[in-house]
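Subject: Structure handover

Hello,

Here is the structure I promised you. Please load it first, then read my notes below.

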Amino acid sequence: MRTHKIRHLVTACALALTASASYAAPVTWNYAVSLSWGTGSNGAAIPTFTNTNGSQLYNAASISWGQPGGNTNPDGGRSGVAIGSSPATGSVTSDGAMALTNTITHYNNPLSSTYGTLKTAQLIADVKLYDGATLVVDFLNVFDIYFVETTNTAGTCLPTSVTVCDDAFVLGDGALNHEFEYDGYTYYASIFEASQKLAALPGAACVAAGSPTPCTGFMTPEREATEAQFAFKITSERVTIDVPEPGALALLGIGLAGLGAIRRRRR
């Protein structure tokens with residue numbers, strides 16, 4: 001009889017512990033995710049170039065270089081990197097589907113070897129989450145960009161080049177998954193590259209771009225536009241984003257915890 005009572009007591013305690021555990025119900029946020037290039041007036045450094053020959057132009061959405069007399073939209077005589085879909089807006093639900101956000105496209109066109117080409121830039125990522133119209137998370141992060149434009153001369157190409165000599169775009173390291181508090185619960189957010197363009201680059205490409213090694217980025221074939229599509233996902237537990245490699249590389253950490261950018265919803 002006593003054994004029977006003990007079993008009932010153990011079962012009751014287990015049920016009580018289970019009932020007391022607190023799990024976050026799915027939450028849907030409105031979001032606005034913006035990317036922009038540093039211009040010196042928006043909190044990030046201006047782009048640098050190998051020299052001043054030709055023409056180098058930049059604004060928050062585009063950086064281009066090459067033939068003089070062009071504009072920031074790359075054409076046959078210019079190359080460049082451009083941000084698309086910024087700001088990206090929509091809604092995202094915790095533990096739900098990923099949300100597609102911004103793109104970065106490198107336009108790789110043949111240029112005179114005398115022209116000054118992109119060397120470094122800074123990328124600003126601005127992430128906002130809203131509860132309805134109320135801002136609950138606002139975080140800004142700046143990432144270093146390294147770039148090398150090759151001379152298209154046989155014997156000088158970077159490893160893994162597909163065309164004559166691919167150029168290399170390197171995205172500086174960011175944190176992986178980060179947590180933030182909302183309405184008494186902890187959530188985890190990651191931005192990642194969903195189109196499988198970004199991957200670990202050969203060490204020689206990192207060095208050529210002036211980046212620390214190892215590095216992550218993409219090789220850009222000549223006469224092509226290479227687009228990287230970014231996305232983000234919010235979960236209530238630490239999980240691995242189920243995206244085929246190399247797209248699973250979470251590159252732009254939202255870094256929302258402990259930085260004073262979090263406002264809890266008041267009821």
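This is a predicted model: local features need pLDDT of at least 70, side-chain atom pairs count only at pLDDT 80 or more; totals for chains, interfaces and linings use all residues.

**Overall**

The protein chain has 267 residues, and 43% of them are buried. DSSP gives 2 helices and 16 strands. Among contacts with a separation of 6 or more, 69% join residues 24 or more positions apart. The chain exposes about 13200 Å². Carbon and sulfur atoms supply 54% of that area.

**T216**

Start with T216, which sits in strand β14, residues 216-220. Is T216 buried or exposed? Its relative accessible area is 12%. The cut-off for buried is under 20%, so T216 is buried. P202 is 14 residues from T216 in sequence. In space, their C-alpha atoms are 9.0 Å apart.

**Cores**

The largest nonpolar core has 38 residues. Those with the most contacts inside it are W29, W37, L129, F169, F180, F232 and I234. Strand β8 (residues 118-131) gives the largest share of this core, with 6 residues. There is also a second, separate core of 11 residues. Its members include V148, L158, V170 and C215.

Which residues does L129 contact, leaving aside neighbours within four places in sequence? The list is W29, N30, Y31, T134, L135, V136, V137, F180, F232 and I234.

**Strand pairing**

β8 pairs with strand β9 (residues 134-148) in the antiparallel sense, over 12 bridges.

Y146 stands opposite V170 in β10. V170 is also one of the residues of the second core.

**T101**

T101 lies in strand β7, residues 99-108. Its relative accessibility is 5%, so T101 counts as buried. Not counting residues up to four places away in sequence, T101 touches Y31, V33, S85, A88, Q229, F230, A231 and F232. Of these, F232 is among the residues with the most contacts inside the largest core. Y31 and F232 are also on the contact list of L129.

**Backbone points to check**

Most residues other than glycine have a negative phi, and most peptide bonds are trans.

- P87 is in the loop between β5 (78-84) and β6 (88-93).
- T213 to P214: this bond is cis as well, with omega near -5°. P214 lies in the loop between α2 (203-209) and β14.
- D95: phi is positive, about 65°, although D95 is not a glycine. D95 lies in the loop between β6 and β7. At 44% relative accessibility, D95 counts as partly exposed.
- D183: phi is positive, about 55°, and D183 is not a glycine. D183 is in the loop between β11 (178-182) and β12 (185-193). At 23% relative accessibility, D183 counts as partly exposed.

**Aromatic pairs**

How many aromatic pairs does the structure hold? There are 8. In one of them, the rings of Y182 and Y187 have their centres 6.4 Å apart. Their planes are at 55°, so the pair is tilted.

Ring pairs link Y182 and Y187 with W29 and F180 into a cluster. W29 and F180 are among the residues with the most contacts inside the largest core. Both W29 and F180 are also in contact with L129.

Best wishes

Note on methods: Residues are numbered from 1 along each chain as its sequence is written. Side-chain values use heavy atoms; hydrogens and water are left out. A nonpolar core is a set of buried Ala, Val, Leu, Ile, Met, Phe, Trp, Tyr and Cys residues joined through side-chain atoms within 4.5 Å. Buried means under 20% relative accessible area, exposed over 50%, partly exposed in between (1.4 Å probe, protein chains only). Helices (H or I, at least four residues) and strands (E, at least two) are DSSP runs, numbered from the N terminus. Contact means heavy atoms within 4.5 Å. Two strands pair if DSSP finds at least two bridges between them. Accessible areas come from the Shrake-Rupley method with a 1.4 Å probe; for residues, only the protein chains shown count as cover. Rings of Phe, Tyr and Trp (its six-membered ring) pair if their centres lie within 6.5 Å; planes under 30 degrees apart count as stacked, over 60 as edge-to-face and the rest as tilted.
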